[in-house]
Amino acid sequence: TISFGEQTTESYRRYFEAGADRYLLRHETADPLHYALLHPRELSLENRMRCLQELQGIGYQVGAGFMVGSPGQTLTTLAKDLLFLKTFQPQMIGIGPFIPHSETIFANKPAGSVQQTLDMIALTRIMVPRALLPATTALGSIDPTGREKALAIGANVIMPNLSPSDVRKMYAIYNDKLSTGKEAAESLENNKRLLIAAGFEPDMSR
């Protein structure tokens, strides 16, 4: 599984030929005006969608998704996101609450709602029933039991952060990202206990 953002078709093919077979690239929004609000001018929703279609065409398992409560988001844009996911049928769908970062233009915007994020996860489970649907770190960052709540309504994946804790701040996409020790490689047993306590049986297979 890799995630290097928007690339050329040739780059995607070379990664695939080298052995990668799942590529995560969140679409962020299916509405062009909303996309323009969230991204620099040199990026476009049209190109993001091109990348997703090409990844799927090459043969990757593809991951898409969006942040709930991002600036400018409306119920209409959320509906477009759900319809896009139903049509596109990605194998993995990442849905988490928007959390502002202090060094961006959205620093003073409110974080997304836990309940609305859970609603979107539940609706996505119904609309794309076979998808891998992570209980995201973002949910756990704004609610101590956020990941367990997500598992209870349709999420079926926990994605541990295996990076050393002393380098995580170098690539944080929001402030106060969850780092409980449950994300570290040496604490996979803690993750298993969390899942068992929530009523699930952990499975490390593909």
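In strand S2, Val62 is the bridge partner of Tyr23. The two residues belong to a predicted model, in which local features need pLDDT of at least 70 and side-chain atom pairs count only at pLDDT 80 or more, while totals for chains, interfaces and linings use all residues. Residues are numbered from 1 along each chain as its sequence is written, and side-chain values use heavy atoms, with hydrogens and water left out.

## The sheet and its helix

S2 covers residues 61-68 and runs parallel to S1, to which three bridges join it. Two strands are said to pair if DSSP finds at least two bridges between them. The sheet is open and has three strands in the order S1-S2-S3, with parallel pairing. Strand S1 (22-24) and strand S3 (92-97) are its edge strands, each pairing on one side only. On average, neighbouring strands of the sheet are turned by 15° against each other, direction ignored. Helix H4 (residues 75-88) packs on the sheet and touches S2 and S3, and its direction makes about 170° with that of S2. For such angles, axes are lines fitted to C-alpha atoms, for helices over the stretch in contact, and the values run from 0 to 180 degrees between N-to-C directions. Contact means heavy atoms within 4.5 Å.

## The chain as a whole

The chain has eight helices and three strands. These are DSSP runs numbered from the N terminus: helices are H or I with at least four residues, strands are E with at least two. In order from the N terminus, the elements read α-β-α-α-β-α-β-α-α-α-α. The chain has 206 residues, of which 44% count as buried. Buried means under 20% relative accessible area, exposed over 50%, and partly exposed in between, with a 1.4 Å probe and protein chains only. Among contacts in the chain with a separation of 6 or more, 64% are between residues 24 or more positions apart.

## Salt bridges

Side chains of opposite charge can pair when their charged atoms come close. Here a salt bridge is a side-chain nitrogen of Lys or Arg within 4 Å of a carboxyl oxygen of Asp or Glu. The structure holds five of these salt bridges, including those in the table.

| Salt bridge | Closest N and O atoms |
|---|---|
| Lys80 and Asp31 | 2.6 Å |
| Glu54 and Arg50 | 2.7 Å |
| Asp143 and Lys149 | 2.7 Å |

The salt bridge of Lys80 with Asp31 links distant parts of the chain: Lys80 is in helix H4, whereas Asp31 is in the loop between S1 and helix H2 (32-38), 49 residues apart. Lys80 is partly exposed, with a relative accessible area of 33%, while Asp31 is buried at 11%.

Glu54 and Arg50 are four residues apart in helix H3 (residues 45-58), so about one helical turn separates them. Glu54 is partly exposed, with a relative accessible area of 21%, and Arg50 counts as partly exposed at 29%.

In the pair of Asp143 and Lys149, Asp143 is buried, with a relative accessible area of 11%. Lys149 counts as partly exposed at 36%.

## A buried arginine without a salt bridge

Arg125 lies in helix H5 (residues 114-127). Arg125 is buried yet has no salt bridge, and the nearest side chain of opposite charge, Asp203, is 13 Å away. For charge, Lys and Arg count as positive and Asp and Glu as negative, while His and the chain ends are not counted. A polar atom of the Arg125 side chain lies 3.1 Å from the backbone oxygen of Ala131. The side chains of Arg125 and Asn156 make a polar contact of 3.3 Å. A polar contact is a pair of N or O atoms within 3.5 Å; within protein, one must be able to donate a hydrogen and the other to accept it, and residues adjacent in sequence count only if both atoms are side-chain atoms. Not counting residues up to four places away in sequence, Arg125 touches Arg130, Ala131, Leu133, Gly154 and Asn156.

## Two loop residues

Thr29 is in the loop between S1 and H2 and counts as buried at 0% relative accessibility. Its side chain is joined to that of His34 by a polar contact of 3.0 Å. Leaving out residues up to four places away in sequence, Thr29 touches residues including His34, Tyr35, Thr77 and Asp81.

Lys109 is placed in the loop between S3 and H5. Lys109 is partly exposed, with a relative accessible area of 42%. Pro71, Phe98 and Pro100 are touched by Lys109, not counting residues up to four places away in sequence. The C-alpha atoms of Lys109 and Gly69 are separated by 9.5 Å, and the two residues are 40 residues apart along the chain.
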